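Thank you all for coming.

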Amino acid sequence: MATEHSSGAMWRDRFGPWALVTGASDGIGQEMARELARRGLNLVLVARREDRLTSLAVELEGKHKIDCRVIATDLGERAAVEALLVETEPFDIGLLVACAGFGTAGLFVDLPLASEIDMLEVNCSAVLSMTHTMARRFVRRGQGGIILMSSIVAFQGVPYAATYAATKAFVQTLAESIRPELALAGVDVIASAPAPVATGFAARSGLAMGRAEEPGVVARQTIAALGRKTTVRRGFLAKFLIGSLATLPRSARTRIMSGIMHGMVRKHAALQK
Ligand SMILES: NC(=O)c1ccc[n+]([C@@H]2O[C@H](COP(=O)([O-])OP(=O)(O)OC[C@H]3O[C@@H](n4cnc5c(N)ncnc54)[C@H](OP(=O)(O)O)[C@@H]3O)[C@@H](O)[C@H]2O)c1
């Protein structure tokens, strides 16, 4: 059964000695890697930008007594995901942190289908493959942990971010569904569902965010909640939308999200002029 976990050696024994962190070249994934290094875990760092992964590895190996391996790969390609899973097999990985992901924003019919499908590959297919393979390995080991990145958009329809919201609904439901199954085998699962976070994500998605949470705070709170919660929400908007508005029908929440998202798309467009 999933148990309480304190920091330090106990935490490392439970989720180490190695962790696989995707999306480690930037944003939340990079901060997850920093927090795990602080807790003494060795890290396999994954993303496409090798230079950024390598400098993070140098930083973390210098600051902490840990080892890092860099695997630069495109998780939008199924063969690359399979190769990554083969390459990581020799490592004694006890924790998967799946942060790689991206979003798009705008009217559904205006967004190119190719990038929507690519998003499905990165945000869903790759997450599913990695979660399935790592979960089997963790069940065999009798312990482990899985951290999946959901979002506040996961809990209702979201006009102007339709496909992105659908990918996060997939991740959220997957995490909630496998958590009780895997708890029986000693494996903890958590979904992290933050409100806007101050990373490069928004600009890459075509959004301008107002109030945004710091990625380090999201990373620390998510890691601390592993084994304790099903979903961790960080940020005022996350608590408001998932908490206070939880009693509203989905249609009402969708209208509220539509207003928020449309505002962020318009603000981003205005800033580009
Ligand atoms: N920022 C927010 O407001 C927010 C809110 C809720 C949830 N989230 C979720 O949190 C996760 C991390 O987002 P973030 O804010 O940290 O975004 P970010 O700063 O843009 O970082 C995204 C990471 O994903 C990697 N990545 C993207 N596409 C990839 C691909 N095809 N193959 C391999 N790696 C890829 C990027 O690395 P490379 O470019 O080097 O490949 C980067 O390391 C995402 O799943 C996002 O949906 C973000």
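Predicted model: local features only at pLDDT ≥ 70, side-chain atom pairs only at ≥ 80, totals over all residues.

Let me begin with the largest pocket, which is lined by 45 residues, with Cys-99, Ala-100, Gly-101, Phe-102 and Phe-201 lying nearest its centre. By pocket I mean, on a 1 Å grid over the protein atoms alone, an open set of points where a 1.4 Å probe fits, with protein on both sides within 12 Å along at least five of seven lines, and lining residues are those with an atom within 4 Å of a point. Residues are numbered from 1 along each chain as its sequence is written, and side-chain values use heavy atoms, with hydrogens and water left out.

The lining of the largest pocket divides into 24 nonpolar, 14 polar and 7 charged residues, where Ala, Val, Leu, Ile, Met, Phe, Trp, Tyr, Cys and Pro count as nonpolar, Asp, Glu, Lys and Arg as charged, and the others, Gly among them, as polar. Which helix gives the most to this lining? That is H10, with 4 residues, and H10 spans 250–272; at least two residues each also come from H2, H5 (113–141), H6 and H7. Helices here are DSSP runs of H or I with at least four residues, and strands are runs of E with at least two, numbered from the N terminus.

Now to the ligand, which sits in the largest pocket, in the sense that more than half of its atoms lie within 2 Å of the pocket's grid points. The elements giving two or more residues to the shell around the ligand are H2 (27–38), H6 (162–183) and H7 (201–205). In total 31 residues surround the ligand, and the closest are Ser-25, Ile-28, Arg-48, Tyr-164 and Thr-199, a residue being near if one of its heavy atoms lies within 4 Å.

As for individual atoms, an oxygen atom of the ligand is 2.7 Å from an N or O atom in the side chain of Arg-48, and a ligand oxygen is 2.8 Å from a polar backbone atom of Val-197. Taken alone, the ligand exposes 880 Å², of which the protein buries 96%, with areas from the Shrake-Rupley method and a 1.4 Å probe.

Conventions:
Polar contact = N/O pair within 3.5 Å; in protein donor to acceptor, adjacent residues only side chain to side chain.
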